[in-house]
Amino acid sequence: RIELQSDMDKPQPPHAPTITKVEVGHRRCIVHFTEADGRGQPILSYTVVAKPTGQKVHGPRSPLIFTRLENGQKYTFFVAATNGAGKGEYSAASEQVSPTALHETSLAPKRLKNKNKDAGESKSKQKKKQKGKKKKNNKEEEEEEEEEE
């Protein structure tokens, strides 16, 4: 039977990770952080908290993504790791960031106005029409030649 000799021998919660970067987007933030030191035990999960709302996101690794945030609201983030001994302390605060609204632009390609009425058709349909036009033109030429004779 093995007995623990001191508190130092008991499994300890992990050290706090460090937030390295926060990316902002439309109503969202992506929080990147370093891997925590589990003090000899594997990290089971990470928890990131957004202040001032208290919204939490949990996950197995960096980065973690916050959605449904308010554009223009200022947020700071904190991260803690959990191992078999429990949740460790939260990290120092991230820099303060604000999600931003997207500019009103379409990401879809613009359709060019094309004088060719066949522009929206598939290539195979266009080829069939061209063959039909060639046949028609050939017939007209043949008829003209017959009339000239």
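A residue is classed as buried at under 20% relative accessible area, as exposed at over 50% and as partly exposed in between, with a 1.4 Å probe and protein chains only. By this criterion Phe66 is buried, with a relative accessible area of 0%. The model is predicted, so local features need pLDDT of at least 70 and side-chain atom pairs count only at pLDDT 80 or more, while totals for chains, interfaces and linings use all residues. Residues are numbered from 1 along each chain as its sequence is written, and side-chain values use heavy atoms, with hydrogens and water left out.

Along the sequence the pattern is β-β-β-β-β-β-β-α. Of the 149 residues in the protein chain, 24% are buried. Among contacts (heavy atoms within 4.5 Å) with a separation of 6 or more, 57% involve residues 24 or more positions apart. The protein chain exposes about 11900 Å², of which carbon and sulfur atoms supply 48%; accessible areas come from the Shrake-Rupley method with a 1.4 Å probe, and for residues only the protein chains shown count as cover.

Four strands form an open sheet in the order β4-β3-β6-β7, with antiparallel pairing. Its edge strands, β4 (56-59) and β7 (86-87), each pair on one side only. Two strands are taken to pair if DSSP finds at least two bridges between them. Four bridges join β3 (residues 45-51) to β4 in the antiparallel sense, and Val48 stands opposite Val57 in β4.

Asn83, in strand β6, is buried, with a relative accessible area of 2%. Its side chain takes part in polar contacts, defined as pairs of N or O atoms within 3.5 Å; within protein, one atom must be able to donate a hydrogen and the other to accept it, and residues adjacent in sequence count only if both atoms are side-chain atoms. A polar atom of the Asn83 side chain lies 2.9 Å from the backbone oxygen of Gly38, and the side chain of Asn83 also reaches the backbone nitrogen of Ala85 at 2.9 Å. Beyond neighbours within four places in sequence, Asn83 is in contact with Gln12, Pro13, Pro14, Gly38, Gln41, Pro42, Ile43 and Leu44.

Aromatic rings of Phe, Tyr and Trp (its six-membered ring) pair if their centres lie within 6.5 Å; planes under 30 degrees apart count as stacked, over 60 as edge-to-face and the rest as tilted. The whole structure contains three aromatic pairs. In one of them, the ring centres of Phe66 and Phe77 are 5.0 Å apart and the planes stand at 50 degrees, so the pair is tilted. This pair links distant parts of the chain, with Phe66 in strand β5 and Phe77 in strand β6, eleven residues apart. Tyr75 and Phe77 form a stacked pair, at 6.3 Å centre to centre and 20 degrees between the planes. Both Tyr75 and Phe77 are buried, Phe77 with a relative accessible area of 0%. Phe66, Tyr75 and Phe77 form one aromatic cluster.

Leu69 lies in the loop between β5 (64-66) and β6 (76-83) and is buried, with a relative accessible area of 1%. Not counting residues up to four places away in sequence, Leu69 touches Arg27, Arg28, Cys29, Gln55, Tyr75, Phe77 and Pro99. The C-alpha atoms of Leu69 and Pro99 are separated by 7.1 Å, although the two residues are 30 residues apart along the chain.

How values were computed: Helix = DSSP H or I, 4+ residues; strand = E, 2+ residues; numbered from the N terminus.
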